Number of protein chains: 2
Amino acid sequence: MEFSDIIEIIHPSLAETERKIDEFIKSDVPLVYEIAKYLLGGGGKRIRPSLVLLSSAACGLTDGENRIAAAAGIELFHAGTLFHDDVVDQAEFRRGNASSNIVWGNKPTVLVGDFMLARGLELIYSCGSLELLRVVSRASSRLAEGHVLEIMSERKMIEISEDFCFSVIDHKTAALIECSTETGALLANTSNGAVRALSHYGHNIGIAFQLIDDALDYCSEENKFGKKTGQDLAERKMTLPLYYSIENAPEGVKRKVIETLDKEDDLDSSEIAEISQLVAHYRGVDLTRKRAKEFVVEAKKSLDEIPQNDYKESLGRLADYVAERNF
Amino acid sequence: MEFSDIIEIIHPSLAETERKIDEFIKSDVPLVYEIAKYLLGGGGKRIRPSLVLLSSAACGLTDGENRIAAAAGIELFHAGTLFHDDVVDQAEFRRGNASSNIVWGNKPTVLVGDFMLARGLELIYSCGSLELLRVVSRASSRLAEGHVLEIMSERKMIEISEDFCFSVIDHKTAALIECSTETGALLANTSNGAVRALSHYGHNIGIAFQLIDDALDYCSEENKFGKKTGQDLAERKMTLPLYYSIENAPEGVKRKVIETLDKEDDLDSSEIAEISQLVAHYRGVDLTRKRAKEFVVEAKKSLDEIPQNDYKESLGRLADYVAERNF
């Protein structure tokens, strides 16, 4: 199933969300709009806005301005953090284009990131719900903590374990996806049980989403994924495909790989190739995909708490899509 | 008058604010706390929290948790943007110490900046006022726009005029200082007239504050100011001391300076010395200080709207301090 088929049901609301995003990135300062537009006009699946809109609709709210404002606000939050990530990671590509830090440099990229976070916040504020602001601001600090955790692992400031890898994923990706579905439920003024169920659903597909992202970094076709593969390995980010492969390898191989990963200099292309082969051989990608599927099963289970309707159906299909996507 | 004498009257509340700040920068991720603490533990005058507390007290609110949370929240917002500024400006010093980007690098500095913005937001949220969140989020997007405006001037993407220089100041500094005094007034549930008066007061001392900062960059003794002087010129930021000097210089001198500022390469030390002498000779610093005093007069005028009390007296003295400070 294509992603566009899954979200067809909320198509008019997503189109409204696009207009709202465009309205809110306009600035008296032309360069700000130009840079923000460059990222936000360049595609992206709009998973988070889709989750806000599907969740609110699944709980019975299918019209009104607040859903649109919240969906647009969370996407602006997400986009602001992408700008900061690209500076932090010295990324070269984003969504198949040269990333903003390459086109405009780090300075405007950091600042337009801040601008988008602030405008996202103004949109969330416009919904008039303090509870919503609490959820979004909490997600936002968890996100920042997640990226610092990741850096600590690159600098070997921390012992890497499976738990640690999941903690990074939980903070840096699941937090904002969980926030999207929780936001949708909160806007619909639904029961606490339904809010918890959708928040749980979001948390689990958020983890699955990142697991697949980490898997694709080892195996996707470059032009489909929209960014260079092998990036995590080049930056020596310890993600689960690599972690599981190392755990599965015999002691001698394991020791050699860890030595390579621990050396001071950048990895050269033969070392990267060697470790990639190890990941393929010891099935780290398969295992990661398998874990992702478990989280998707868990996510779909929580949907049982929500009354049957077409939007809930779409949330179920979206969960499957997350685990099966190839780019 | 020393700054510490002016704020003596709110000393216990400021001490509470410090404890609140420390509580809110604690993180499960030890490195996050360490970096945040490095900046926030390293001094700083706490002008914004002082303004929140003095403004709310001048309007009759002298106790309760909200004043403290808002004061701490706005300081965290400010600190988060300082982290981003230091990355953007490749600063070497902050408050007399090596800046965070030098000690930990750009990556964690950007991210801990995001973390502090998010935690500041959580503090503002805890005050339970949507109006407050509106004021803070608006200030926060103006701040980011201000820094992009500044970059546009460095890249000569825009015609520099006196108005342009004031627009940068208005966005990048006055917005958050105005937000501090407005926040204090809003928390006190005072009349609309008093909110407007304190907001106007904050706007004007905010502009004066930045004008003096820009002046000090040309004339302060380095160890007092806590950062290297001459930085604005080295980065070719067009601030008012330079702008006024160029305007006052004879046509030939003017043309030569603009040529130097417009060249591709970095300025060398003899060029910096030459332009610094021009600023001294054509009285750019004096003129900037004179303008700052005008804004302070305007600020003090708005205090007439507030009933007489000791806190209002302190706000008046704080305005004078802003225009007269030498570091």
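This is a predicted model: local features need pLDDT of at least 70, side-chain atom pairs count only at pLDDT 80 or more; totals for chains, interfaces and linings use all residues.
The interface between the two chains was examined first. In chain A, 43 residues are in contact with 43 residues of chain B. Together the chains bury about 4100 Å² between them. Carbon and sulfur atoms account for 74% of that area. Three residues stand out on the chain A side. Lys107(A), Leu111(A) and Tyr125(A) supply 16% of the area that chain A buries against chain B, more than any other three residues.

The rule finds two salt bridges between chain A and chain B. In one salt bridge, the side chain of Arg138(B) meets that of Glu122(A), at 3.6 Å from N to O. H8(A) gives the most, with 16 residues. By residue class, the side of chain A that touches chain B divides into 23 nonpolar, eight polar and 12 charged residues.

The nonpolar core comes next. In soluble globular proteins, nonpolar side chains tend to be buried together. The largest nonpolar core in this model holds 194 residues. Those touching the most other members are Met116, Tyr201 and Leu318 of chain A, and Met116, Tyr201 and Leu318 of chain B. Beyond its neighbours within four places in sequence, Tyr201(B) is in contact with Leu51(B), Thr181(B), Ala299(B), Ser302(B), Leu303(B), Leu315(B), Leu318(B) and Ala319(B).

Two further residues show what surrounds a buried side chain. Glu150(B) is found in helix H8 of chain B, residues 130-154. Its relative accessible area is 8%, under the 20% cut-off, so Glu150(B) counts as buried. A polar contact of 2.7 Å joins its side chain to that of Lys172(B). Apart from neighbours within four places in sequence, Glu150(B) is in contact with Val168(B), Lys172(B) and Lys237(B).

Thr183(A) lies in helix H9 of chain A, residues 162-187. This residue is buried because its relative accessibility is 0%. A polar atom of the Thr183(A) side chain lies 2.7 Å from the backbone oxygen of Cys179(A). With neighbours within four places in sequence left aside, Thr183(A) is in contact with Val52(A), Ala70(A), Ile74(A), Leu132(A), Val135(A) and Val136(A).

Note on methods
Residues are numbered from 1 along each chain as its sequence is written. Chains are lettered from A and ligands numbered from 1 in the order in which they are written. Side-chain values use heavy atoms; hydrogens and water are left out. A nonpolar core is a set of buried Ala, Val, Leu, Ile, Met, Phe, Trp, Tyr and Cys residues joined through side-chain atoms within 4.5 Å. Buried means under 20% relative accessible area, exposed over 50%, partly exposed in between (1.4 Å probe, protein chains only). Contact means heavy atoms within 4.5 Å. Buried area is the accessible area (1.4 Å probe) that two parts lose on being put together, summed over both. A salt bridge is a side-chain nitrogen of Lys or Arg within 4 Å of a carboxyl oxygen of Asp or Glu. Helices (H or I, at least four residues) and strands (E, at least two) are DSSP runs, numbered from the N terminus. Ala, Val, Leu, Ile, Met, Phe, Trp, Tyr, Cys and Pro count as nonpolar, Asp, Glu, Lys and Arg as charged, and the others, Gly among them, as polar. A polar contact is a pair of N or O atoms within 3.5 Å; within protein, one must be able to donate a hydrogen and the other to accept it, and residues adjacent in sequence count only if both atoms are side-chain atoms.
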